[in-house]
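Subject: Structure handover

Hello,

Here is the structure for you to look over.

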Amino acid sequence: MNDSMKEHWDEIYEALDADELTWYEEIPESSIKLLSECRINKDESILDVGAGASTFVDYLINQGFSNIIATDISEIALNKIKERLGKEKASLVRWIVDDITQPIHIRNLRDIAVWHDRAVLHFLLEEDQQKMYLSTLKRGIKKGGYVIIATFSLKGAKKCSGLNVKNYDQNMLAEFLGEDFSLLDYFDYTHYMPSGQPRPYVYVLFQRLE
Ligand SMILES: C[S@@+](CC[C@H](N)C(=O)[O-])C[C@H]1O[C@@H](n2cnc3c(N)ncnc32)[C@H](O)[C@@H]1O
């Protein structure tokens, strides 16, 4: 676990309510759109990497998905989702505090049908971190499984919450995932922060080949 990163994110989630975060979405509509293109059953495994305090988990529960895993480096972040959901709904989710750049528990996951990452990969600036992310993804995802990734686009911000980011487009993400993954869909999407300022993202959907 990268302790300084954990502290960084814990401090942010301690200081702000979920809806004050610059990346907050009341309804994660782009993730929902791409998920709707995935042909999966409700009992298949969906992993939200760097879930933070995101409402995507709430959406999945309300839609009846029964095999949800939410993971983040910040336990404080995940606790915000748990509190919002309440005990009964929170018990339907598997919660994992782990660092995607030095994973211990996520590394053991298998048969993931959907790997969902909104605004996490772009924080991994070191090649070693990106390699670990990719190898964990490849170990965990089942054949025919899906990958939904959203990052700041090439037109997007160069920093988020005080950290530098790496900007991507769909071609860079295709190159990153490699030839085992087929690009099914992608689009640019402008997220508006609570301040009203725009944040351009690129969203991609890949499928792992059989
Ligand atoms: C910009 S937020 C996005 C949160 C959420 N995906 C969303 O869309 O609301 C980035 C998230 O990634 C998490 N994160 C950052 N680095 C991480 C790492 N190395 N491993 C796991 N989570 C990480 C942070 O704690 C934070 O919750």
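Predicted model: local features only at pLDDT ≥ 70, side-chain atom pairs only at ≥ 80, totals over all residues.

Residues are numbered from 1 along each chain as its sequence is written, and side-chain values use heavy atoms, with hydrogens and water left out.

**Helix 1**

Helix 1 covers residues 3-15, 13 residues in total. (Helices are DSSP runs of H or I, at least four residues; strands are runs of E, at least two; both are numbered from the N terminus.) Its first and last C-alpha atoms are 18 Å apart, close to the 18 Å expected at 1.5 Å a residue. That expected span is 1.5 Å times one less than the number of residues.

Trp-9, Asp-10, Ile-12 and Tyr-13 are its buried residues. Buried means under 20% relative accessible area, exposed over 50%, and partly exposed in between (1.4 Å probe, protein chains only). Down the axis of helix 1, the buried residues fall within an arc of 160°, so they line one face. The arc is taken over the directions from the helix axis to the C-beta atoms. They pack against helix 4 (75-85) and strand 7 (163-164); contact means heavy atoms within 4.5 Å. On the other side, Asp-3, Glu-7, Glu-11, Glu-14 and Ala-15 are exposed.

**Pockets**

A pocket is an open set of points on a 1 Å grid over the protein atoms alone, where a 1.4 Å probe fits, with protein on both sides within 12 Å along at least five of seven lines; lining residues have an atom within 4 Å of a point.

The largest pocket has a volume of about 670 Å³. Its lining has 40 residues. Trp-9, Gly-50, Ala-119, Val-120 and Phe-123 lie nearest the centre. Helix 1 gives the most to this lining, with three residues.

The second largest pocket holds about 150 Å³. Glu-127, Lys-131, Tyr-168 and Phe-176 are among the residues that line it. Helix 6 (127-140) and helix 7 (170-177) each give two or more residues to that lining. Helix 6 supplies the largest share, four residues.

**Lys-143**

Lys-143 sits in strand 5 (residues 141-152). Lys-143 is exposed, at 56% relative accessible area. Not counting residues up to four places away in sequence, it touches Arg-208, Leu-209 and Glu-210. Lys-143 and Ile-12 are 36 Å apart, C-alpha to C-alpha, and 131 residues apart in sequence.

Best wishes

Methods:
Points joined across faces, edges and corners; volume = space filled by probe spheres on them.
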